[in-house]
Amino acid sequence: MADDASLHDVAFVDDQHGWAVGAHGVVWATSNAGADWRRQPTPADCPLRGVSFVSPRRGWAVGGRSVPYAERTEGVVLATDDGGETWRRVSRDTLPRLRAVKFFDARRGLAVGAGGPVYPSGALRTEDGGQSWTSLSAEQTCDWRALDALSPEAALVAGPRGLTGRGAGGGLAVQHDPGESRGARALRITGPATAWAVGDGALVRTTRDAGRNWRSPASDPPAELARWFDWRALDAVGERLWAAGSPGSVVLHSPDGGRSWRLLPTGVSTPINAITFVDDQRGWAVGELGVILATRDGGQTWVVQRGAGRRAAIGVVAPSAAGLPVELIAANAAAEGYRTTVASPFAPAAPLAHGDTASRLDEAAARCAAAGASTGWRLPLEPTELVLPAEELLARLDRATDGKSREMLIEPLVAWIRAWRPEAVLIPEIGPEASSHSSGAVDLLVEAVQEAAAAAADPTQRRELAALGLPPWRVRSVLRIGPAEADASTRLGTGDFHAALGSSPALWARPAVGIIRPDYRGAQTQFGWTLVAGQPPHAARRGDVLAGAAVSPGGDARRPLATPADGQLDRLRRVAQKRRHLEGLLQRSQADPAWAGQVMALTGGLDAEGGAELLYQLADGYRQRGSHDLAADTFYLLARRYGDSPLTESALVWLVSYYSSAEFTHLQSLTMAQQQGDTRGPRETLANRGADAARLEAVDESPTDAADGRLGRAAALADYLARARPAVHAAPRLRFAVAAAQRSRGFGGEAERAMLLMSKQAVAEDWRRAADAERWLAEPKEIPPAKPTAQCRSTAKRPLLDGVLDEACWAAAETIALGDPQDAATGRLRVARDNDFLYFAIECPRLPGRQAPAAAGAPRARDEFLDNDDRVTLRLDTDRDYTTAFELTVDERGRTHDAVWGSPHWDPQWYVAAGGDDTSWRVEAATPIGELTGEEELLRAAWAVSAERHAPGHAPRAWTGAAAESRSPDAYGLLLFD
């Protein structure tokens with residue numbers, strides 16, 4: 001994979017000595033102007049994004065990775081004193097993923113990348129050659145893509161969607177143009193106050209006041225370039241400018257400081273990621289598939305020094321990063337050697353999320369041996385909108401793009417096909433559990449790719465592309481990829497051992513899964529395909545979607561095939577067979593402790609990666625069964641046995657969240673009370689409770705009580721993480737869990753200080769808003785927090801559960817709007833309580849196209865499947881850790897589903913009555929307060945509550961406005977108890 005690894009940056013110190021860095025920790029170097037490029041070994045296997053040299057011997061390279069199953073990144077800084085003959089990792093600091101670097105001498109330098117809890121601004125400074133770094137101060141968390149500087153104090157940075165910054169007073173002054181959907185990807189400073197930026201949609205901007213204001217150049221480049229090109233690379237010598245990008249078929253050149261522009265052909269079509277000139281004649285450019293170009297006449301002509309003629313065999317058009325079929329990509333790109341590229345046309349709406357999602361998509365694709373994963377910017381969508389029907393999704397996109405969404409979707413795909421020239425294009429479903437035609441986004445992509453493939457092949461369409469170096473190209477087949485079908489002829493398997501990998505593609509791709517999905521899932525070993533256009537694969541051999549196609553190993557679209565050394569192959573096969581055997585045992589045992597104990601004893605014969613994977617799978621099996629204590633024990637064993645595994649961090653964070661959770665602490669106290677022979681009689685019900693019946697009493701807590709033990713474990717683990725993994729400890733999600741545990745232990749002052757610190761730091765905006773809310777709760781002021789709040793009032797008279805909502809308590813209750821209060825389709829939620837029960841009432845107008853369901857015939861069952869119904873889900877986070885919560889879901893028929901932290905193995909008592917007519921549906925429900933918390937803990941309490949309405953074919957509607965991603969604290973408001 002190193003030979004054609006994507007190259008992200010290039011640096012030359014003179015006309016002979018240069019270095020190019022890229023994916024898989026690759027560094028290529030030349031000492032003869034590129035006549036020969038040789039690979040230099042490095043201690044990194046993550047993507048390297050930036051390189052800077054101050055002499056032919058002294059240089060640095062930076063990069064990093066996304067931590068699997070975690071919400072943070074890790075950075076790497078490499079340095080060399082001998083021209084790259086030896087590279088060493090010079091910083092063991094808790095750096096975020098880095099994208100660009102600039103050194104001024106042997107000690108002083110700047111780097112930028114993804115903002116995080118330790119370095120929130122995303123901009124860092126070093127005074128000791130990269131050994132240690134300090135964060136430039138900024139008012140918000142940023143994810144930067146470009147950097148240039150004349151000195152540590154005179155720096156410019158740029159990011160997605162109009163995000164720019166400039167050095168100011170030892171910090172960073174951040175500016176954001178809310179009306180700009182494009183973002184800069186490359187910067188060059190050309191004078192004390194002048195600079196240039198290029199980026200998405202052929203963006204070209206200049207500044208004459210050191211970045212305070214950006215404007216169009218004296219003469220704009222050809223307007224039609226915005227339809228087809230995204231610039232990624234920029235350099236300047238005097239008034240001469242060169243920009244290149246995706247596609248890479250031309251270089252945009254100005255010989256006179258932007259007063260005129262020319263397009264210079266490169267002879268390649270795949271994207272160019274970086275460009276550099278040592279004078280006004282000699283320059284180099286690097287890009288995807290390891291391509292390196294050089295010019296000796298100012299860019300008039302280019303010569304390919306590495307990677308001539310390379311193209312993709314397979315293109316994947318994914319609706320989202322989470323839907324990337326990594327196992328299938330590994331089967332084709334890694335095992336069979338087909339060069340593969342990935343595109344995701346839809347972009348997350350938030351600028352920071354855009355950067356992180358794009359990077360994770362690119363990393364996951366590269367980990368599976370693909371190249372050139374790109375995320376679109378023209379069509380931003382919330383994750384919850386991807387599942388809308390195609391018609392509604394298209395209408396939403398049209399409203400945001402003045403009716404041009406189809407054009408904005410299809411035209412970049414036409415350019416993408418002509419640039420990469422794939423034999424096959426694959427369109428996967430949203431995720432591995434998706435059913436066919438489950439997503440409007442996928443339906444839109446299927447239609448768009450069909451149309452784009454036809455236009456890309458037709459010489460009479462998009463003729464201007466041929467003039468831009470992108471002649472017609474015919475895709476051999478377009479396939480829709482989904483769950484495995486019953487028909488074996490349309491099935492693609494990824495679970496069989498492959499000699500080139502020493503494993504099965506499904507297992508080989510496991511590290512990539514955690515990069516794009518926040519939650520663990522097992523390997524997917526079967527896919528199905530449906531022919532959309534062109535010719536079908538000849539056979540479903542080993543997941544090979546190009547079986548029967550004339551794509552030869554060692555050719556322009558396929559790597560030479562390789563296998564492990566003969567002495568290794570048998571050993572690898574035995575290890576793979578053992579791992580597959582143990583996984584089979586684990587699946588059959590369904591996490592039964594007796595079987596699982598045998599599996600655990602046998603993991604010793606596996607490598608660290610395989611052993612950690614098996615233990616994680618075992619723990620996840622316990623978790624899915626509701627055996628959370630066994631899951632915790634297994635996660636702890638994983639952390640002790642495989643401390644360096646990427647899965648260990650996820651296990652430790654889960655343990656802190658679990659042990660600090662007030663919800664699980666309460667459930668354990670109920671369980672222990674029952675096991676110890678609770679003499680208080682049956683748990684009360686609405687059916688048998690009398691006016692003078694005894695209340696559910698609090699559990700007698702003592703120093704040896706289970707709650708103290710759990711909270712003590714959480715504190716001990718948090719202390720360990722603070723010492724051993726400070727970047728993990730600094731993550732907002734873990735800090736909120738620790739603060740919740742501190743409040744539960746009676747250390748409210750420590751929790752308040754932690755929230756005060758976080759509210760003043762440049763952490764992610766949703767977590768800062770949550771921290772501000774905690775400060776407001778500790779000391780209420782006139783100005784409420786940036787979260788919706790509602791009061792849960794006490795009622796003296798219990799409501800009759802009949803679905804009519806005519807009781808006085810509902811008239812007195814505060815109304816919580818599920819969506820825009822001005823929208824006629826917005827539902828309404830009301831909450832009330834007495835000493836024994838929590839009550840809630842829901843009233844929702846019926847949505848267009850949905851009829852009132854038929855009267856229920858069968859009796860109500862526990863935890864019914866409600867995804868096909870109009871429903872409301874309440875998440876009740878009683879300790880405000882924004883991670884663990886009780887979940888109560890009820891649909892328009894009064895059918896229910898309950899869970900805790902996603903586990904359906906919580907079965908509380910609750911009572912539901914449904915009513916309604918053709919225009920609306922109503923639900924009244926009650927649950928004993930003792931199912932959720934102790935009565936004394938409810939006094940003057942505040943819960944974080946998420947309330948969302950979901951209906952198939954309609955956008956979610958939520959109390960907090962647009963339904964935020966469920967893992968974000970922005971999905972929750974505050975419910976205050978009187």
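Residues are numbered from 1 along each chain as its sequence is written, and side-chain values use heavy atoms, with hydrogens and water left out. Because the model is predicted, local features need a pLDDT of at least 70 and side-chain atom pairs count only at pLDDT 80 or more, whereas totals for chains, interfaces and linings use all residues.

## Strands and their pairing

Helices (H or I, at least four residues) and strands (E, at least two) are DSSP runs numbered from the N terminus, and two strands pair if DSSP finds at least two bridges between them.

Another antiparallel pair consists of strand 40 (residues 886-891) and strand 41, joined by five bridges, one of which has Phe-886 and Val-900 as partners. These two strands form a hairpin with four residues between them, and Gly-894 in the turn has a positive phi of about 90°. Strand 41 (residues 896-900) is mostly covered, with four of its five residues buried, where buried means under 20% relative accessible area, exposed over 50%, and partly exposed in between (1.4 Å probe, protein chains only).

Asp-148, found in strand 13 (residues 146-149), is buried yet has no salt bridge, the nearest side chain of opposite charge being that of Lys-102, 4.0 Å away. A polar atom of the Asp-148 side chain lies 2.7 Å from the backbone nitrogen of Ile-189. With neighbours within four places in sequence left aside, the residues in contact with Asp-148 (heavy atoms within 4.5 Å) include Lys-102, Leu-187, Arg-188 and Ile-189.

Glu-336 is found in the loop between helix 2 (326-335) and strand 29 (340-348) and is buried, with a relative accessible area of 5%. The side chain of Glu-336 makes a polar contact with that of His-498 at 3.2 Å; such a contact is a pair of N or O atoms within 3.5 Å, where within protein one must be able to donate a hydrogen and the other to accept it, and residues adjacent in sequence count only if both atoms are side-chain atoms.

## Salt bridges

| Pair | Closest N and O atoms |
|---|---|
| Arg-406 and Glu-451 | 2.9 Å |
| Arg-510 and Glu-613 | 2.8 Å |
| Arg-623 and Asp-620 | 2.4 Å |

Arg-406 lies in helix 5 (residues 405-420) and Glu-451 in helix 6 (residues 440-457), so the pair ties together parts that are 45 residues apart in sequence. Arg-406 is partly exposed at 34% relative accessible area, and Glu-451 is partly exposed at 37%.

Arg-510 forms its salt bridge with Glu-613, and this pair links distant parts of the chain, with Arg-510 in helix 9 (residues 510-516) and Glu-613 in helix 12 (residues 608-625), 103 residues apart. Arg-510 is buried at 3% relative accessible area, and Glu-613 is buried at 6%.

Arg-623 and Asp-620 both lie in helix 12, three residues apart, about one turn of the helix, and Asp-620 counts as buried at 7% relative accessibility. Elsewhere, a network of salt bridges links Arg-97, Arg-99, Asp-143, Asp-356, Arg-360 and Glu-363.

Conventions. Lys, Arg positive; Asp, Glu negative; His and termini not counted.
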